Amino acid sequence: MLEAMETVGLLLLLFAAFGAEGSTCPFPSPQCYKESTQNDEDFHCEWEDPDRSKEAVYTLFIQSSASAGSPYAADFQSGNEQTIQVPLESVLTTVQSDIWVQKQTENMTCISPNTSVFLNDLVKYSTPHIEKMVRSAGIVTLSWHKVKDDKGAFYEIRWKDFYGSWQNDTFQTEDRTKANQDSTTLRLENHLMYQVQVRRRAIEYNLWSHWSDIIDVPVEIQAPVVHWKEEKTKRMRKVVLNWDAPPFEASIGGVTYKLTLSLPCETKTKTTKKTSYYMNVTDSEARVSIIAINSVSESASQEITIPHIQHLKNCRADSGTLPQKKRFCLEWYKLSDGKTRPIHVNTSSNATVESIKKDMEKFVRYYYFVHVKKGRQLWHTKIMCPIYSSEGAPVAGPQNITVNVTHDSALLLWRPIPVQDQRGFLLHYAIWILRQGGEIDYHEVPENQTSFRLRNLTTGSSYTVYISGRTKVGEGPNATANFLIPTSFAAPSNVLSKVILSIGGVVLVFSVFFSIALRRLKRKILPMIPSPVITATASEGLHHQNLSAATEEVHEVILLSPDDLDKQNKANQSKQSTILQDCQLSVYEEDDEEDEVDEANFTSSFPNPNYRGQMLRLSEPLAVDKGQRENNCDSSTPSYRHGSVL
């Protein structure tokens, strides 16, 4: 009977394998494996059909060879799913098995290619998913969950910068570590972004898991630069926080900002992906810390302090009355110097003003706020006031008293008593003036005033001034100053005149100095042009000359060539001699020495020693009438006639 059933099963498998259609499915053969090395682990089988038709029905077939030689077959229907869990007891793991998948639709039936395996050797770990990355000082640490059997595994990791190529490395983890995670480290460049993937396999088996998703690794993120501004409303202050977005290398993969709001009556934690935040604060100090977080690092905390409004110096009469039927919060702290708020303050939602005085130091100033809230309203400040548990008299007087004296008055100036020395609320300053004759004057100055003018003082008299502070308990020690009104005191107008004269003198000295320097500079930059030198001999010669006015007559001039000029000169030699005789010119022949002396004297009377080359040489005698010769000889007028040659 058993043999008959095995025969029927074999026939069914053969019919399924070699059906009427007999076609092959267009997808690879299935893959079956266990996801851990545990002996009782079921098998997981999967295949990939690119045609994901909703009406397709898949059947997985596993045929194993029995020990007696008869085949053992099993089929598992997965419906429209492309994965299925196969129970361990339904298959034979120690013998070779053939595995394939049949796909059936309304129009066709096909089978996938067949694969032969030993199921006992098939272990494929699940795909690792990188869950945590930490990047610091160029080292990136990656972490993910271990496999189910809690054993070590063999890993392959690959990484690249955004514009580079993949680099690979392998490593192995240990069995049963305390942490339920496997991890590895990479040394990367600080300023570059990277991408990374990892896969794994069992140490004694060869099937690799799928590669993990590609994970972007940004650079370390820095603390944001925060800007804030405040807007005062009727009951509270509105604060707007803005900060600069990080660069792309740090923001890839997303950035989250964690805000911690330290308010007087509560502390809040907010997260946002925006680069701005709006908040309402009371009149007391508020602090905000902002941390930028990306996928590999957290920035340092950026601390912002929104200061309180200015402290009051006095308190209203009704300041100790707490509001009724409202939720309130009492905040107080020591204010020793009257200005500086300590880091740590006290808050309470059920204390009263009288109860907090019990824990205050005597004669030390404190400051308190009363913040109220009704229903869903926001906190706002109702009362703010300085306070003492017990008051006393000041232990010091005003500091640094100075006296500015005029001809009949004196201006007193001083620095206020330090808050820590007041030991209570200062009511006023008491001023005692002791005159030279023993007369005493008294004045009171408000506590917020640090000057006072004494008038109608006597010239030549000395005065002593005593100044002290007073609280409701009593008066503190005096600060003393002595001064004298001089007998001869320069009037303000005389002083002003002296100042003006001094300034005028300085300006005059500087102007003279500047003028001299300018002249010297001008001589260096623009030197003087020398004038022509005329000797005394030349001057005497000029005095003896006939300086009668000369007139000039312009006539036509004929230009001749050199050949024509020579011919005409020969023809006119006789005429030139006649003209010389008519003008009664005599020629004297002197000794050689006298000629040289006269020539030297004559030459020295002219600025240009080459005067001979400048004289006009007549090429022909002037054509003049006989009656005009006498006039022409006496006249100094140059005459140019027709036919003159130059």
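Is Phe363 buried, partly exposed or exposed, and what is its relative accessibility? At 28% relative accessibility, Phe363 counts as partly exposed, where buried means under 20% relative accessible area, exposed means over 50%, and partly exposed lies in between (1.4 Å probe, protein chains only). The model examined here is predicted, so local features need pLDDT of at least 70 and side-chain atom pairs count only at pLDDT 80 or more, while totals for chains, interfaces and linings use all residues. Residues are numbered from 1 along each chain as its sequence is written, and side-chain values use heavy atoms, with hydrogens and water left out.

We can begin with the whole protein. It contains 10 helices and 34 strands; helices (H or I, at least four residues) and strands (E, at least two) are DSSP runs, numbered from the N terminus. Of its 646 residues, 34% count as buried. The accessible surface comes to about 41,100 Å², and 52% of this belongs to carbon and sulfur atoms; such areas come from the Shrake-Rupley method with a 1.4 Å probe, and for residues only the protein chains shown count as cover. Contact means heavy atoms within 4.5 Å. Among contacts between residues at least 6 apart in sequence, 64% join residues at least 24 apart.

Confidence comes next. The average pLDDT, which is the predictor's confidence in each residue from 0 to 100, is 79 for this protein, and 74% of the residues score at least 70. Over residues 1-21 the pLDDT is below 50, and this stretch has 11 contacts in the model beyond near neighbours in sequence. Residues 574-646 also have pLDDT under 50, and here the model has 62 contacts beyond four places in sequence. Where pLDDT is low, the predicted coordinates should not be read in detail.

Strand 26 (residues 366-373) holds Val372, which is buried at 1% relative accessibility. Val372 and Cys329 are 43 residues apart along the chain, yet their C-alpha atoms are separated by 6.3 Å. A positive phi is also found at Arg423, a residue other than glycine, with a value near 60°. Arg423 belongs to the loop between helix 4 (419-422) and strand 30 (428-434), and with a relative accessible area of 23% this residue is partly exposed.

Lys103 has its place in strand 7 (residues 96-104) and counts as buried, at 6% relative accessibility. Beyond its neighbours within four places in sequence, Lys103 is in contact with residues including Cys25, Phe27, Asp49, Asp51 and Tyr58. Asp283, in turn, is found in the loop between strand 21 (276-281) and strand 22 (286-293). Asp283 is buried, with a relative accessible area of 9%. Leaving aside neighbours within four places in sequence, its contacts include Lys232, Arg237, His308 and Phe369.

Aromatic rings complete the tour. Rings of Phe, Tyr and Trp (its six-membered ring) pair if their centres lie within 6.5 Å; planes under 30 degrees apart count as stacked, over 60 as edge-to-face and the rest as tilted. By this rule the count comes to 15 aromatic pairs. In one of them, the rings of Trp144 and Tyr155 have their centres 5.2 Å apart and their planes at 55°, so the pair is tilted. Trp144 lies in strand 11 (residues 139-145) and Tyr155 in strand 12 (residues 153-161), so the pair ties together parts that are 11 residues apart in sequence. Trp144 is buried, at a relative accessible area of 0%, and Tyr155 is buried at 0% relative accessibility. Ring pairs link Trp144, Tyr155 and Phe171 into a cluster.

Trp208 brings rings and charges together. The charged end of Arg199 sits over the ring of Trp208, 4.4 Å from its centre, and the charged end of Arg201 sits over the ring of Trp208 at 5.2 Å from its centre. A charge sits over a ring if NZ of Lys or CZ of Arg is within 6 Å of the ring centre and within 35 degrees of the ring normal.
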